[in-house]
Each structure stands twice: as C-alpha cells, then as structure tokens.
Amino acid sequence: MCFRPATTGMGPVRCPKCGAEVDPKLDECPSCGAKAAPTPGIPAAPGAPGIPKPPSAPQAPEAPKPPSA
Ligand SMILES: [Zn+2]
C-alpha cells in the first residue's frame with residue numbers, strides 16, 4: 001500500500017488560498033497571510049463536543065391499507 005497522508009508533519013504544506021508552499025511550522029501563510037487550516041487527524045481543541053446528530057427524518061406515515069376483498 002502506498003497510502004500517504006496528505007500533509008502530516010513534514011514537508012511544506014500548500015496554502016489553500018494562494019497556493020504558496022508554507023512551512024507547516026507556521027500557522028499562517030507568509031505570502032498571503034491566510035491562516036493555516038487545522039490538519040485533520042490532529043486532535044483540535046480539547047472538549048470539542050461530538051458531532052450533533054442531524055434531526056431524524058420524520059417517518060413516513062403508514063399508507064392506509066386498502067380494504068381487502
Ligand atoms: Zn497564501
């Protein structure tokens with residue numbers, strides 16, 4: 001398997017805004033000043049609430065049964 005995580009740790013990361021290569025140690029692009037996006041996989045702020053569940057779709061009402069003959 002040649003799976004390689006997109007940008008984790010080493011190597012310059014690409015600024016999503018201007019496309020410049022930004023040192024991952026920097027937290028913002030020296031070229032355009034865009035804040036570096038948090039890398040997925042790295043735990044962000046602690047105490048983050050879980051993903052809220054989307055409201056469950058209302059159940060379709062039962063179709064009235066046709067009178068059986
Ligand atoms: Zn940039």
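**View 1. Pro-12 lies in the segment before β1 (13-14).** Strands here are DSSP runs of E with at least two residues, and helices are runs of H or I with at least four residues, each numbered from the N terminus. The model is a predicted one, in which local features need pLDDT of at least 70 and side-chain atom pairs count only at pLDDT 80 or more, while totals for chains, interfaces and linings use all residues. Residues are numbered from 1 along each chain as its sequence is written, and side-chain values use heavy atoms, with hydrogens and water left out. Pro-12 is partly exposed at 48% relative accessibility, on a scale where buried means under 20% relative accessible area, exposed means over 50% and partly exposed is in between (1.4 Å probe, protein chains only). Although Pro-12 and Val-22 are ten residues apart along the chain, their C-alpha atoms are separated by 5.3 Å. Leaving aside residues up to four places away in sequence, Pro-12 touches Glu-21, Val-22 and Pro-24, a contact being heavy atoms within 4.5 Å.

**View 2. Arg-14 and Glu-21 form a salt bridge.** The term stands for a side-chain nitrogen of Lys or Arg within 4 Å of a carboxyl oxygen of Asp or Glu, and in this pair the closest N and O atoms are 3.3 Å apart. Arg-14 is exposed, with a relative accessible area of 56%, and Glu-21, which is also among the residues that Pro-12 touches, counts as exposed at 52%.

**View 3. Glu-28 and Lys-35 meet through their side chains in a salt bridge.** The N to O distance is 3.3 Å; Glu-28 is partly exposed, with a relative accessible area of 33%, whereas Lys-35 is exposed at 59%. By the rule used here, the count comes to two salt bridges. Side chains of opposite charge can pair when their charged atoms come close.

**View 4. The zinc ion has Cys-15, Cys-18, Cys-29 and Cys-32 as its protein donors.** Each of these cysteines is represented by its SG atom, and the donors lie 2.3 Å from the zinc ion, where donors are N, O and S atoms within 2.8 Å of the metal (3.2 Å for Na, K and Ca) and, as water is not among the atoms, sites may look incomplete. The angles among the four donor atoms are 106 to 116°, and the site is tetrahedral, a label given to four donors if all angles lie between 85 and 135 degrees. Along the sequence, the donor residues follow the spacing C-x2-C-x10-C-x2-C. Cys-15 counts as buried at 6% relative accessibility, whereas Cys-18 is partly exposed, with a relative accessible area of 38%.

Terms used. Tetrahedral: all angles 85-135°; square planar, octahedral: opposite > 155°, others 65-115°.
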